[in-house]
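Please keep the viewer open while you read.

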Amino acid sequence: MLEKYIPFVREEAIDELFILSKKLNGLKVLHVNSTYKGGGVAEILQRLVPFMNELGIKTDWKVFKGDEKFFSFTKNLHNLLHLPFEKKISSEEFVYYLKITYENLKEINTENYDVIFIHDPQPMGLIVNKLKTQKWIWRCHIDTSTPDPQAWNFIENFLNSYDACIFHMPEFVYEKIEIPTYTIHPSIDPLHPKNIDLPEEEVKNTVAKFGIDPEKPLILQVSRFDRLKDPFGVVKAFKLVKKRYDCQLALVGSFAPDDPEGESVYKELLDFICDERDIFVLNLPPESHKEVNAFQRGATVVVQKSLKEGFGLVVSEAMWKSKPVVGSNVGGIKRQIVHGITGYLVESIEGTAMRIRQLLANKYLREEMGFHAKERVKHRFLIIRHLRDYLLLIYKILNQSS
Amino acid sequence: MSNHFVFKSELWIPKYTGIKVYSVKEFIDALKVVDKFSIFYHMFINIFNYHNLPTFYTNSLSYWFYKNGHLLLAEKLSLVDPLDYFDLEELRNTLINVLEENYDESWDRKEKHPFYFITADREVIELGKFAHTLDEFIEGIKRSSINSIFYHFITSRIENKTTINDYSSWLYSIGEVKKAEKINKLDPYPITLYEIKKEIIRILEGK
């Protein structure tokens, strides 16, 4: 499987993975998260786990099980780690978290592994089973820079027993962490249906199927229907662009099962655009990977105007397709876009409109930025780099003890 | 003792030092105490990670000053060439001196974007490839990754405590003085590591 990535990262990079993995020969690694399907973590593990096995590191993936009550609590915990708000953690919820954790301890045997990766807060309590000879690493996929103090205290009950933790970027790290903290960017898979090459005809046919004129410039934002993605701001920016440029806007997304607000935002958006001819608000079925791929390839300029963002890998997905991206100067977007080189970072609706205009007016600039955008992703945001970082981290953590 | 060249490569994983600063003054204070491999990280990151992109400045320290409107400090720091130093403590002192000489305390203010000091947790790996002759050496470089070029051409100077890169050192040792000198003079800032690799091969294959 790894050899399929040679065209993207060159043979030497794959050879180095095998050399590095020899240092980890005979090691047993376990990943634990809370779902096999859906979401970025599961998507990454679906690839990383087979890769690690291919490299001779015996790697398993187990899923922590909980009921609706448990996941509704951890969803709240997730939100509180992101930002403080009124709903607090009750002692009853804490006890319930521990109860479910103990139930999982019976199911998930961690004893036979040398290194254990725990993803996000749900399975974090499994650390109580840590053996002295093992290394446990907490992989946090949340921005915890300004957490609710009570939620942070909850996390801290477990965190300090880990040997290291990983965040997407230093901006997401809460100041009070005392254990070794690594920063590893997430990644995209160039062989995922979302990212594979598509024939130009398929791209044109796909966008045309939704009523879009493939010959006319297309501005695109791909995101959930969520106020924090600011789709209304994108429409306002588009209207400013439209005064001088004949172009179209597509807001492409789908309803996430864990986001009850999605449908109402979608309806509100439809009302907001009224009968505007060149604006398309498209709610696609959840597995529409190739369609989204086609939209990204068919777009002239891609926008990601989030008000707040986790890492926002959809930016890298568009950059991989050689598209310049106009993105908000927030979260992981500012780590992906190199301002003025691979796209533009903006702070307002006006800034978004101005940069879109600039790009629509200048084909050479679009191509130049698109080229650098793809190069940026090739070097920093592909899954092979992610895999190498994990291997090196394992090696470093094991070496610390010796 | 046989004089063979051992091909190696360098891998990094970024580790957050926990030091975050909001002002120039805090920046200078942190620079005095931060792990020396944090200085290494920020001075070399543009060659290591951004060599394939046009960048505003040669290092990430300068970029932070530029982003916060301190263009003078950004320019002054960008001219500190880490390749002139094999001792990171000496490089640290130079950076502190440049900042202290050019910084006016009246500029001190809390900046919008903090600077996060990251350190490089490095690992140098042997690739199991060797060269005993110039031909084997050229072949080995042709099959080298960008990380390997980065190690031998850039950071081996720190390991070996010399301002001469690994490739040139070996070439000197086999009497290829001209080739060694030409390679040591290559400027890694305006071109990518892929281009450096091509240029090294061109020099080696030349007469």
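1. Which residue stands opposite V252(A) in β8(A)? The residue is V222(A). This is a predicted model, in which local features need pLDDT of at least 70 and side-chain atom pairs count only at pLDDT 80 or more, while totals for chains, interfaces and linings use all residues. Residues are numbered from 1 along each chain as its sequence is written, and chains are lettered from A and ligands numbered from 1 in the order in which they are written.

2. β7(A), residues 218-222, runs parallel to β8(A) and is joined to it by 5 bridges; two strands count as paired if DSSP finds at least two bridges between them. Strands here are DSSP runs of E with at least two residues, helices are runs of H or I with at least four, and both are numbered from the N terminus. Between β7(A) and β8(A) the chain passes through helix α8(A), residues 231-242, in a right-handed β-α-β crossover. Right-handed means that, with the strands pointing away from the viewer, the path from the first strand over the helix to the second runs clockwise.

3. β8(A) also has β9(A), residues 279-283, as a parallel partner over 5 bridges. Here V252(A) has L282(A) as its bridge partner.

4. How many residues of β8(A) are buried? The count is 6 of the 6 residues in 248-253, so the strand is largely enclosed by the rest of the structure. Q248(A), A250(A) and V252(A) point one way, L249(A), L251(A) and G253(A) point the other way, and all are buried. A residue is buried if 20 or more other C-beta atoms lie within 10 Å of its own, exposed if 12 or fewer, and partly exposed in between, with C-beta atoms placed from the backbone.

5. D230(A), in the loop between β7 and α8 of chain A, has a positive phi of about 50° although it is not a glycine. D230(A) counts as buried because it has 22 C-beta neighbours inside 10 Å. S322(A) is also a residue other than glycine with a positive phi, near 60°. S322(A) lies in the loop between α11 (314-320) and β11 (325-328) of chain A, and counts as partly exposed because it has 18 C-beta neighbours inside 10 Å.

6. I179(A) is in the loop between β5 (164-167) and β6 of chain A. It is partly exposed, with 13 other C-beta atoms within 10 Å. The C-alpha atoms of I179(A) and A164(A) are 5.6 Å from each other, although the two residues are 15 apart along the chain. Leaving out residues up to four places away in sequence, I179(A) touches residues including L159(A), Y162(A) and C165(A); contact means that the C-beta atoms, placed from the backbone, lie within 7 Å.

7. Now the meeting of the two chains. 25 residues of chain A are in contact with 22 residues of chain B. On the chain B side, β1 and β2 (115-131) each give two or more residues. That side has 10 nonpolar, 8 polar and 4 charged residues; Ala, Val, Leu, Ile, Met, Phe, Trp, Tyr, Cys and Pro count as nonpolar, Asp, Glu, Lys and Arg as charged, and the others, Gly among them, as polar. β6(A), residues 181-183, pairs with β1(B) in the antiparallel sense over 2 bridges, and Y182(A) has K15(B) as its bridge partner.

8. By an automatic or database domain assignment, chain A has domain 1 (2-187 + 382-401) and domain 2 (200-380). Chain B has domain 1 (10-119) and domain 2 (128-205), with C-alpha centres 27 Å apart.

9. Finally, confidence. The model scores ipTM 0.90 and pTM 0.92. pLDDT, the predictor's confidence in each residue from 0 to 100, averages 92 in chain A, where 98% of the residues score at least 70. Chain B also averages 92, with 99% of the residues at 70 or above. Within chain A, helix α4 (68-82) is lowest at a mean of 86, and strand β10 (301-304) is highest at 98.

Terms used
Two residues are in contact if their C-beta atoms, placed from the backbone, lie within 7 Å.
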